[in-house]
Amino acid sequence: MQLAGKTAFVTGAGSGLGREICIAFAREGAKVFATDVNAATAAETAAACAKLTTGAASAVCDVADSASVKSAFARMDETVGGVDVLVNNAGIVHSDPAYLEHVKSIQAAQVMEMMTEGRVKTHARTTELITDEMFDRMLRIHLYGTFYCTREALPRMRASGRGGRVINMGSIMGTASLGGAPDYCAAKGAILAFTRATAREAASYGVLVNAIAPGFIDTPLLVNFDDANKQLIAAQTPLGRLGTPAEIASAAVFLAGPGASFMTGQTVSPNGGIYMSQ
Ligand SMILES: NC(=O)c1ccc[n+]([C@@H]2O[C@H](COP(=O)([O-])OP(=O)(O)OC[C@H]3O[C@@H](n4cnc5c(N)ncnc54)[C@H](O)[C@@H]3O)[C@@H](O)[C@H]2O)c1
């Protein structure tokens with residue numbers, strides 16, 4: 001029971017990593033406040049947590065909208081109490097079919113050229129195809145969302161006198177890169193920088209801020225990867241497979257718990273060895 005007596009606000013809690021983190025926190029005795037832009041899936045997560053801990057609740061929270069974030073924190077104050085742990089996890093990938101088709105066809109052409117001619121001749125041009133709206137949405141959900149929630153959590157943690165933990169979901173794409181998603185890479189890189197800056201700022205009142213930078217983890221986020229893509233990723237990963245949500249949740253439990261008491265401003269990267277430097 002590493003998190004007994006703690007309360008946790010988790011974003012993007014209706015699916016994948018967010019849901020698994022909520023469940024792992026509940027198993028460790030935390031009160032979990034599961035939030036998501038999708039109210040129904042957040043409620044499902046809270047119901048799963050309620051079987052493991054007391055005090056699980058949920059709320060709708062669109063992290064891209066500061067008013068929605070504000071009202072979700074107010075709801076947490078009323079229902080669960082203060083916040084000891086914030087997990088900024090909500091995220092998206094591109095879903096525009098024309099854009100995705102472009103990326104897929106370019107990548108297929110480049111693979112063929114590499115195999116037959118030993119070099120790439122087809123230019124990716126993905127940055128040129130990202131519209132203002134696409135870029136804005138990507139940054140808004142990942143980076144602004146992390147900022148909005150952190151801005152709500154820090155004064156509450158300071159006022160409690162108990163300190164706290166903030167865990168930001170980065171990605172190996174914040175330091176390495178991924179063809180076809182320059183805006184995703186930019187958002188994740190900015191989150192890692194924001195992690196370090198807020199860690200320095202909040203240390204004086206006992207709030208430790210760290211990031212998790214997962215490699216490829218099998219969740220609904222990988223909807224654009226077919227089986228062949230996943231096999232290719234597994235083949236490039238020294239540990240020979242994609243990760244599981246539980247393998248990210250265990251890193252979150254560590255960063256939220258007593259074992260991480262001397263860690264702040266750091267990035268923990270469970271990635272199977274596909275990327276070995278942060
Ligand atoms: N799965 C991976 O391979 C992987 C790797 C590295 C980083 N990540 C990051 O982990 C985080 C979680 O991803 P996942 O794999 O669990 O994806 P997922 O698609 O399974 O879950 C994402 C959740 O975020 C929610 N969400 C989307 N927009 C939102 C918004 N505006 N406000 C609140 N919630 C919103 C969705 O409803 C969903 O429940 C993301 O930040 C993602 O970038 C995932």
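What share of the contacts in the protein with a separation of 6 or more is accounted for by residues 24 or more positions apart? Hello everyone: the figure is 71%, where a contact means C-beta atoms, placed from the backbone, within 7 Å.

A word on the source. This is a predicted model, where local features need pLDDT of at least 70, side-chain atom pairs count only at pLDDT 80 or more, and totals for chains, interfaces and linings use all residues. Residues are numbered from 1 along each chain as its sequence is written.

Now the fold. The protein has nine helices and seven strands, taken as DSSP runs numbered from the N terminus (helices H or I, at least four residues; strands E, at least two). Seven strands form an open sheet with parallel pairing, in the order S3-S2-S1-S4-S5-S6-S7; strands pair if DSSP finds at least two bridges between them. At the edges sit S3 (57–60) and S7 (267–268), each pairing on one side only. Further in, S4 (residues 85–88) runs parallel to S5 (residues 164–169), joined by four bridges, and Leu 86 stands opposite Val 166 in S5.

On to the ligand, please. There are 29 residues around it, and Gly 12, Gly 16, Gly 91, Thr 219 and Leu 221 come nearest; near means a C-beta atom, placed from the backbone, within 6 Å. Helix H1 (residues 16–27) gives the largest share of that shell, three residues.

Finally, burial: 42% of the 278 residues are buried, that is, with 20 or more other C-beta atoms within 10 Å of their own, C-beta atoms being placed from the backbone. Thanks, everyone!

How values were computed: A residue is buried if 20 or more other C-beta atoms lie within 10 Å of its own, exposed if 12 or fewer, and partly exposed in between; C-beta atoms are placed from the backbone. Two residues are in contact if their C-beta atoms, placed from the backbone, lie within 7 Å.
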